[in-house]
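Open the model in your viewer and keep the selection panel at hand. The tour below goes stop by stop, saying what to select and what is there.

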Amino acid sequence: MEMNYDQVELLKELMRAHFCAVETALYLDTHPKDPRALADHNKCACRLEMLRKQYIQKYGALTHEDPSVYPWTYINGPWPWEIKY
Amino acid sequence: MWIYEKTLEYPANVSYPDPRMAKLIIEQYGGPDGELAASLRYLTQRYTMPIDQAKGLLTDIGTEELAHLEIVATLVYKLMEGASVEQLKKAGLADYYANHDKALFYVSAAGNPWTATYIQAKGDPIADLHDDMAAEQKARATYENLINLSDDPCVKDTLRFLREREVVHFQRFGEALRLVQEWKDSRKIF
Ligand SMILES: [Fe+2]
């Protein structure tokens, strides 16, 4: 149930990309016409999409909407609260 | 709708089991200024926000608070993991253990169960956004108290991230308040 080093590192990179998208999104909610913030957000969104694809392909589904190889990978541990980051 | 993704918003590690700290951090799980209260407050206030910026912001911050709830839960879970009944008793968790064992439950550090009376929804966007700004400051202050109470650098790091987010949320709510005020003023003229 332990994650290997490479998986944890890719996961943390994905988490950072997620955070970047959250942060720019909140700012855009109150500044929808800020072109620089929007460009930053779109950069984050692209990177996030790329990292999600990469992670899912290597390690399995992150959400129950993701495609999965047999058998269903979504339930595979460790779950987020069980991981040593 | 919401979709669960198997990631935390920020890493949550502990250096060693510490049920005493778990008992304190649970304040931000089920306490009056905790993440459950924050999330449910914003998600229920969003329906009566008059402008799209405020609807979007309350939806997004309410959702981020759920991610924070999960981070807090992870800290509490890891701090309790591996602790013996003897250690739980020493940490003042005997009564908690009697009911919940090591399950996560929505209580404050003092053991009071979560209640909807912790939150408000007035239907008045000016009142609600002021309430939200105050809530963020109270959450920030609670995180500062928890940082002072911990001596685990891993736990402190995660608590610092959560404290930082309250400051950002306060800022965004202030902007939403200004936008709602401008919207109200523009309606008075026409
Ligand atoms: Fe917050």
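## Stop one: Glu175(B)

Select Glu175(B), which is buried with a relative accessible area of 9% (buried means under 20% relative accessible area, exposed over 50%, partly exposed in between, with a 1.4 Å probe and protein chains only). Before going on, note that this is a predicted model, where local features need pLDDT of at least 70, side-chain atom pairs count only at pLDDT 80 or more, and totals for chains, interfaces and linings use all residues. Residues are numbered from 1 along each chain as its sequence is written, chains are lettered from A and ligands numbered from 1 in the order in which they are written, and side-chain values use heavy atoms, with hydrogens and water left out.

Glu175(B) belongs to helix α8 of chain B (helices are DSSP runs of H or I, at least four residues, numbered from the N terminus). Show its side chain together with that of Arg172(B): a polar contact of 2.8 Å joins them. A polar contact is a pair of N or O atoms within 3.5 Å; within protein, one must be able to donate a hydrogen and the other to accept it, and residues adjacent in sequence count only if both atoms are side-chain atoms.

## Stop two: where the chains meet

Pick out Leu26(A), Thr30(A) and Trp81(A), which supply 24% of the area that chain A buries against chain B, more than any other three residues.

For the charged pairs, the count between chain A and chain B is 2 salt bridges (a side-chain nitrogen of Lys or Arg within 4 Å of a carboxyl oxygen of Asp or Glu). Zoom in on Arg165(B) and Glu23(A), whose side chains meet in a salt bridge at 2.9 Å, N to O.

## Stop three: Tyr4(B)

Next, select Tyr4(B), in the segment before α1 (19–25) of chain B. Tyr4(B) is partly exposed, with a relative accessible area of 30%. Its neighbours, not counting residues up to four places away in sequence, include Tyr74(A), Trp79(A) and Trp81(A). Within chain B, a polar contact of 2.3 Å joins the side chains of Tyr4(B) and Glu70(B).

## Stop four: the iron ion

Finish at the iron ion, whose protein donors come from Glu65(B), Glu136(B), Glu166(B) and His169(B), at 2.1 to 2.6 Å. Donors are N, O and S atoms within 2.8 Å of the metal (3.2 Å for Na, K and Ca); water is not among the atoms, so sites may look incomplete. Along the chain the donors follow the spacing E-x70-E-x29-E-x2-H. Glu136(B) lies in helix α7 (residues 125–149) and His169(B) in helix α8 (residues 153–189) of chain B, so the pair ties together parts that are 33 residues apart in sequence. Both Glu136(B) and His169(B) are buried.

Conventions. Helix = DSSP H or I, 4+ residues; strand = E, 2+ residues; numbered from the N terminus. Buried area = accessible area lost by both parts, 1.4 Å probe. Contact = heavy atoms within 4.5 Å.
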